[in-house]
Amino acid sequence: MKKVQITETVLRDAQQSLIATRMPYDDYEDILDDMNKAGYYSVECWGGATFDSCLRYLDEDPWERLRNLKKHLPDTRLQMLLRGQNLLGYKHYHDDVVEKFIELSIKNGIDIIRIFDALNDFRNIETALKSVVKHKRKKTIASGCIAYTQSPVHTVDKYIEMCKELKAMGFQTICLKDMAGTMSPWEAEHLIKGIKDAIGDMTLILHTHCTTGMAYMTLTKAIESGIDVIDCAVSSFSGGTSQPATETMYYAMKQYGIETGLDEDVINKVNDFFKPLKQKYINGGQLNPKSLATDAQALVYKVPGGMLSNMIANLTDMNAMDRFDDALAEIPRVRADMGYPPLVTPLSQMVGNQAVTNVLVGERYKNISKEIKNYIKGEYGIAPAPIDEELKKKVLGEDGEPVDCREEDKKRTGEDFKSAKEALGDLCRCEEDVMSYICYPDQTVKFLKEQKEKAERESVYTIEEIDDSAE
Ligand code: CO
């Protein structure tokens with residue numbers, strides 16, 4: 001019997017896409033024991049923006065959240081998303097920091113680490129992979145992830161080459177990550193058939209978003225074409241900028257006799273639990289109904305929705321909305337000059353801003369942003385296609401060569417841990433705190449100070465209580 005499994009994303013990507021990752025652990029703790037019995041391939045619950053959001057907005061220790069998740073989901077693979085050498089952010093960390101982060105993630109309960117690089121420069125995911133291999137436990141899976149995009153150089157053959165490379169590197173599964181939700185059913189069919197032919201029985205996963213309305217059709221074609229795992233979200237947190245619905249895909253596949261391993265009663269119970277939560281977030285304003293709508297603009301303009309609204313906001317600020325069409329037409333040219341990077345954060349903003357600048361200044365690349373200069377210098381990695389020669393000369397000089405972005409990363413000096421420990425002083429409780437500080441210093445200090453004050457207040461109360469009882 002044909003088998004297609006489902007990863008449930010409500011605890012990570014679905015809530016990140018719909019309510020800016022503001023779902024506190026306490027809101028969903030009561031359903032976790034049931035989710036453990038649902039039969040998901042995995043539950044994506046950590047990484048991405050959840051770590052930052054815990055510390056910054058929710059007054060939660062992300063590591064404690066992970067340990068709690070593991071406690072309630074002992075039989076389910078817990079999954080996280082990791083941005084390779086950038087861990088959960090946008091700057092490169094040293095290799096020893098990357099390794100420690102992965103060691104601690106596994107130790108605290110993560111089973112599947114999905115690793116990607118925004119440019120698909122796989123040198124940037126190599127250290128993360130090696131660290132998983134070094135610290136892995138029985139259930140641990142290193143999943144190599146490709147950021148999906150469309151461009152003249154992103155052909156089916158190129159994606160097949162990428163998959164072969166990930167397989168050769170030692171990844172156990174491969175995920176296609178369509179963050180903008182622009183993969184069409186036709187593209188899914190050709191891509192997945194081609195990849196499955198090339199990589200044999202290695203597990204292939206598709207991650208997409210409903211943003212443009214393509215996702216259900218795309219998943220249907222993906223299933224016909226041999227996909228092994230699809231990412232879905234419980235129906236109350238599905239659609240719009242989130243994933244297609246778990247229960248819907250379950251019923252659709254069931255009629256075809258495709259085995260999902262899911263327990264129908266449990267997945268419905270999970271939805272019954274999240275339904276009122278969704279209403280709570282709508283009432284509280286965290287969930288803007290706009291995120292639940294279909295927006296096909298990304299297909300028309302070939303730029304992700306977020307990038308478009310960002311550009312409109314910038315042009316409006318500068319009182320230059322009359323140049324909108326020119327700026328829009330400039331985006332693909334800038335992207336081509338830069339070697340067709342996938343339009344994902346932060347590259348989407350960089351390309352968009354440079355296009356606006358080129359149009360408003362009236363001369364292309366008269367002003368070049370610092371970020372674009374760094375990109376051309378090679379600090380983000382190698383571009384998918386060669387960068388425009390003229391532009392390269394302008395930034396690097398006549399004989400300038402790009403830098404190797406991995407050069408600095410490789411320094412395993414332990415310096416980052418030492419200075420983090422010093423900065424935290426007596427706020428530091430464990431290795432995990434040190435790691436939180438390295439990733440998000442200000443938020444971690446603020447969080448740990450609050451924790452300390454809370455503990456002190458509580459100990460005062462305890463003493464008073466003892467005094468009362470003594471009298
Ligand atoms: Co996503």
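Predicted model: local features only at pLDDT ≥ 70, side-chain atom pairs only at ≥ 80, totals over all residues.
Local features required pLDDT of at least 70 and side-chain atom pairs pLDDT 80 or more, while totals for chains, interfaces and linings use all residues. Residues are numbered from 1 along each chain as its sequence is written, and side-chain values use heavy atoms, with hydrogens and water left out.

Two packed helices are described by the angle between their axes and the distance between the axes. Helix 9 covers residues 185-199, and helix 10 covers residues 215-224. Helices (H or I, at least four residues) and strands (E, at least two) are DSSP runs, numbered from the N terminus. The axes of helix 9 and helix 10 come within 8 Å and cross at roughly 25°. Axes are lines fitted to C-alpha atoms, for helices over the stretch in contact, and angles run from 0 to 180 degrees between N-to-C directions. Helix 9 is therefore roughly parallel to helix 10. Angles under 35 degrees count as roughly parallel, over 145 as roughly antiparallel, 65 to 115 as roughly perpendicular and the rest as oblique.

Contact means heavy atoms within 4.5 Å. Helix 9 contributes P185, A188, E189 and I192 to the contact. Helix 10 contributes M217, T218, K221 and A222.

The whole structure contains zero disulfides. A disulfide is a pair of cysteine sulfur atoms within 2.5 Å. For C405, the closest cysteine sulfur is in C145, 18 Å away, which is too far for a bond. For C428, the closest is in C430, at 6.5 Å, also too far for a bond. C405 is buried, with a relative accessible area of 7%. C428 is partly exposed, at 25%. Buried means under 20% relative accessible area, exposed over 50%, and partly exposed in between (1.4 Å probe, protein chains only).

Most residues other than glycine have a negative phi, and most peptide bonds are trans. A cis peptide bond joins T345 and P346, with omega about 0°. P346 sits in the loop between helix 15 (324-337) and helix 16 (347-361). Phi is positive in N120, near 55°. N120 belongs to the loop between strand 4 (112-115) and helix 7 (126-135). N120 is buried, with a relative accessible area of 10%. Y365 has a positive phi as well, near 60°. The loop between helix 16 and helix 17 (370-377) holds Y365. Y365 is buried, with a relative accessible area of 6%.
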